[in-house]
Amino acid sequence: MRSLGARLALLLLTAIVLVVISSSFVASLVMRGPLPDLMIDRTAQQLAILAAFAEKDRVMAESAGVTVAPMSADGPIDEELSQSLKKALRRISIMREAIITHRSPNELAASLKLSDGNWLIMPMPPHGPPPDGWKILVGWLGLIIIGSVLVSIFAASKIMKPLRLLEQAVAAVNPDGTLPHIPESGPGEVRATAQALNGLSARVKAATESRMRLVAAAGHDLRTPMTRMRLRAEFIKDDEERSKWLADLQELDMIADSAIGLVREEISKDGLQPVRLDEVVLSIVTELRAIDMNVKSGDLENVTINAGTLAVTRALRNLLINAATHGHSATITVSNLGNHAVVRIIDTGPGIPEDRLSQVFEPFFRIDIARQKSFPGAGLGMAIAREIVTRFAGEITVRNRQPNGLEQIVSFKSADANATS
Ligand SMILES: Nc1ncnc2c1ncn2[C@@H]1O[C@H](COP(=O)(O)OP(=O)(O)OP(=O)(O)O)[C@@H](O)[C@H]1O
Ligand SMILES: [Mg+2]
């Protein structure tokens, strides 16, 4: 019972059923027939009058609806009612034999012995609930419960509708962390929540843009002092010292470049064009092999996606370089799965500690600076790759392989799937 809608429906159902049951109980108390004691007293009085009549004029008594017969009325005797009748007769000083019998399930008869030995038989209205009253009660309650269930489910789903719309909108978070605009309508509370979420989304967007502007500006502005430093470094006399300065400056340059690259990807609105993924991969492999990287291609199936060629090349190149450097050797394959194109890159390196796998796409994430000494980098390659892949509605995941190595999987909807969907 976790959903709010189900709880609301149950609450409504319980409330309706309780109200109906208690009001039915009160109604039955107010509207029920006369109490048995009261009824018996009246029956005793009627019997006494009719008996007096019958003893005088039997025909006249019979014309009043009673019977005079040598035997009491047939049918099983109701002991309890018979005792009550005798007591009621005694109260009006009539000490005669009297019984009440059930002639049929719905019909009672009171019999009073007359002084001549005959019996006066008088029909009585049934008292108490009808014999199949419980069936009526069960049917009545059943109808109430069915009706209440329908009303409760309808009411709960009506009340929950704006909340469900809100939930759907929040679930559709954009890759940049902002939300699609949520309609500000419905009940007051829902409207206020939608307004707050729209405001939050706008603030996140503004903050992301200003952060990107800051990173880009910093990367750009660093370039001038770095050029000056490189010039000065050239004049350092000690060869070893000079090459260390120049290497550090080159790394700084690369970090500034990557930072600007990430921002460029985040704000890029490249148009879509058909891209042959297998051809892109082949060209990256050729390019990296030319600079002696340990990269090879496996099966490259022919598949086309809708994306930007340059951006996809940049993303896959970053992943492949990681596999060739951090992962010692890289093998890349492209599979055409009909609806999807899947690029798989595997390596034979140390992989990434399981508890840090989720951080690998964060900007400036690097596992262990000591371990990376030999591979200078900014820690932005994966962030840039993810930015590009999600921009083209693809997915990127990484997982460790057994016994060692990392597997990077990138999947895009194939162009055919996009065309048919
Ligand atoms: N295939 C891999 N095997 C092991 N570790 C990896 C692999 N790929 C990435 N990593 C780890 O993830 C970190 C982040 O990778 P990312 O590509 O973002 O940055 P980088 O390679 O250090 O620098 P650059 O910005 O130049 O790419 C790396 O520093 C490395 O520690
Ligand atoms: Mg990298």
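Which of the 24 residues around ligand 1 come nearest? In this predicted model, the residues that come nearest to ligand 1 are N322, G327, G377, G381 and M382, out of the 24 residues around the ligand. The elements that give two or more residues to this shell are α9, which spans residues 309–325, and α11, which spans residues 381–391.

Sorted by class, the shell around ligand 1 holds 11 nonpolar and 11 polar residues, together with 2 charged residues.

## The five-stranded sheet

An open sheet of 5 strands runs in the order β6-β8-β9-β11-β10, and its pairing is mixed. Strands β6 (295–300) and β10 stand at the edges of the sheet and each has a single partner strand, so one side of each is left without a neighbour in the sheet. On average, neighbouring strands of this sheet are turned by 15° against each other, with direction ignored. Helix α9 packs on the sheet, where it touches β6, β8, β9 and β11, and the direction of α9 makes about 25° with that of β9; α9 is also one of the elements that give two or more residues to the shell around ligand 1.

Within the sheet, strand β8 (residues 330–336) and strand β9 (residues 340–347) run antiparallel and are joined by 7 bridges, with T331 standing opposite I346 of β9. Strand β10 (residues 395–400) likewise pairs in the antiparallel sense with strand β11 (residues 406–413), here over 6 bridges, and I396 has V410 in β11 as its bridge partner. The hairpin of β10 and β11 has 5 residues between the strands, and in this hairpin G405 takes a positive phi near 105°.

## The setting of E184

Residue E184 lies in the loop between α5 (133–171) and α6 (188–234). Is E184 buried, exposed or partly exposed? E184 counts as partly exposed, because 14 other C-beta atoms lie within 10 Å, a number that falls between the 12 or fewer of an exposed residue and the 20 or more of a buried one.

When residues up to four places away in sequence are not counted, E184 touches R191, A194, Q195 and N198. E184 and P162, which are 22 residues apart in sequence, have their C-alpha atoms 9.7 Å apart in space.

Conventions
Residues numbered from 1 in each chain as written. Chains lettered and ligands numbered in written order. Predicted model: local features only at pLDDT ≥ 70, side-chain atom pairs only at ≥ 80, totals over all residues. Near = placed C-beta within 6 Å. Helix = DSSP H or I, 4+ residues; strand = E, 2+ residues; numbered from the N terminus. Nonpolar A, V, L, I, M, F, W, Y, C, P; charged D, E, K, R; others polar. Pairing = 2+ DSSP bridges. Axes fitted to C-alpha atoms, helices over the stretch in contact; angles between N-to-C directions. Contact = placed C-beta atoms within 7 Å.
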